Amino acid sequence: MRASLNARLAGCKKGMVLIVITSNVVSSVFASRECGLLLGDAREVLRTLADDSVDCTVTSPPYYSGRRHVGDTVLEIGSEKTVEEYVEALASVGKELYRVTRPTGSYWLNLDDKCERKEWLGIPWRVAFAMREIGWKIRSEVIWHKPTHVRNAAKDRLTPAHELLFYFVKSKDAYYDMDAIRRPSSPPIWGKNGVVKTRRGSVPTDVWTLQIEDSTSPENPYAAFPEALVELPIRATCPRGGTVLDPFVGSGTTAVVALRLGRKAIGIDASADCLEFTKKRILEVRGQPATPRQTPFNHAVKVSHGCMR
Ligand SMILES: C[S@@+](CC[C@H](N)C(=O)[O-])C[C@H]1O[C@@H](n2cnc3c(N)ncnc32)[C@H](O)[C@@H]1O
């Protein structure tokens, strides 16, 4: 678990030197009709995208660590000296996202807090309020409950076992497909003429129990978030054929899930290594059939390894 946390802090594979590019470089690592992978600082690459071109963004930026992992010239988010600078960095990304998102579009942002000198900094909500200043409306705050949590080393506080996922919209009329995320109810109802009627199914709550990804897995050694964390947002807030963006795509989870669900994907990352890994995953996914409809989760559903049951 600790390894996973550290990997996410560094935004890269354990023990690997992060290759982060400098400000004036933006390059395409992969481009097809359905997917584009762009290497560079998210704040700069986003400026190259057209207005109102994205339906939904799902992302998980690096944690705030207050440490520089490599030299001073790199623009790795998370290494800012103060929380205020970190919030400002994410606000710059949020501002560009607002511009590139369609009026009916959405933005899902997964963030964790940090405890310094025995005090939580309140980072997720500070960032959420910064997004509000930009114009994003906070539609939901999701608690991502992690059943296998990091062991608590502190003797005087509760064991942290959750992260937050904010769901922002641009307008009151944001696209939202409730039926795409209903949990089918069972058993089906039999009508008078033997016709099978199905109940509409319940809708997920804002507490999601999802196991964290195993960063020691040889299949994906990066600090990936669970596929299920991305799947519900995409099903609900991006129409089929629409475009999903992740400005911190890392090992490509958002892009892979988007493509499997019949959406287009754009991934940005400052690490060339991450994008090479993502490219391989994308090439594996291409040509595979769309995943069968899965049951949306909520707090009452037992979930393991990111799969919805
Ligand atoms: C927590 S990881 C994302 C993991 C991803 N959700 C996945 O499933 O693999 C954060 C990513 O942000 C990238 N990153 C850090 N600073 C960046 C910047 N300024 N612009 C773009 N990407 C950046 C890191 O290289 C890292 O891959």
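Residues are counted from 1 along each chain as its sequence is written. Because the model is predicted, local features need pLDDT of at least 70 and side-chain atom pairs count only at pLDDT 80 or more, while totals for chains, interfaces and linings use all residues.

**Exercise 1. Work out the strand order of the open sheet and find its edges.**

Step 1: get the elements. Helices (H or I, at least four residues) and strands (E, at least two) are DSSP runs, numbered from the N terminus. Two strands pair if DSSP finds at least two bridges between them.

Step 2: walk across. The nine strands run β1-β2-β13-β12-β3-β4-β8-β7-β11, and the pairing is mixed.

Step 3: look at the ends. β1 (27–31) and β11 (207–209) each have a single partner strand, so one side of each lacks a neighbour in the sheet.

Step 4: On average, neighbouring strands are turned by 20 degrees against each other, direction ignored; the axes here are lines fitted to C-alpha atoms, for helices over the stretch in contact, and angles run from 0 to 180 degrees between N-to-C directions.

**Exercise 2. Describe the surroundings of β3, and say which strands it pairs with.**

Step 1: burial. A residue is buried if 20 or more other C-beta atoms lie within 10 Å of its own, exposed if 12 or fewer, and partly exposed in between, with C-beta atoms placed from the backbone. Six of the six residues of β3 are buried, so the strand is largely enclosed by the rest of the structure.

Step 2: one partner. β3 runs parallel to β4 with five bridges, and Val54 has Thr101 as its bridge partner in β4.

Step 3: another partner. Two bridges link β3 to β12, also parallel, and Cys56 sits opposite Val244 in β12.

Step 4: carry on from Val244. Its bridge partner in β13 is Ala265; β12 (243–246) and β13 (264–269) are parallel and share four bridges.

Step 5: α3 (83–100) lies across β3 (54–59) and β4 (101–111), at about 150 degrees to β4.

**Exercise 3. How is α6 covered, and how does α5 cross it?**

Step 1: count. Seven of the eight residues of α6 (253–260) are buried, among them Thr253, Ala255 and Leu259.

Step 2: list the cover. It includes β2 (35–39), β3, α5 (227–237), β12, β13 and α7 (272–285).

Step 3: take the α5 pair. The axes come within 9 Å and cross at roughly 50 degrees.

Step 4: name the contacts (C-beta atoms, placed from the backbone, within 7 Å). Glu227, Val230, Glu231 and Ile234 of α5 meet Thr253, Thr254, Val257 and Ala258 of α6.

Step 5: see what comes next. Gly262 follows α6, with a positive phi near 75 degrees.

**Exercise 4. Which residues touch the most other members of the largest nonpolar core?**

Step 1: define it. A nonpolar core is a set of buried Ala, Val, Leu, Ile, Met, Phe, Trp, Tyr and Cys residues joined through C-beta atoms within 7 Å.

Step 2: pick them out. Of 64 residues, Phe168, Ile234, Val244, Ala255 and Ala258 touch the most other members. The largest share, seven residues, comes from α3.

Step 3: zoom in on Phe168. Leaving out residues up to four places away in sequence, Phe168 touches Ser106, Tyr107, Leu109, Met131, Trp136, Lys137, Ile138 and Arg139.

Notes: Contact = placed C-beta atoms within 7 Å.
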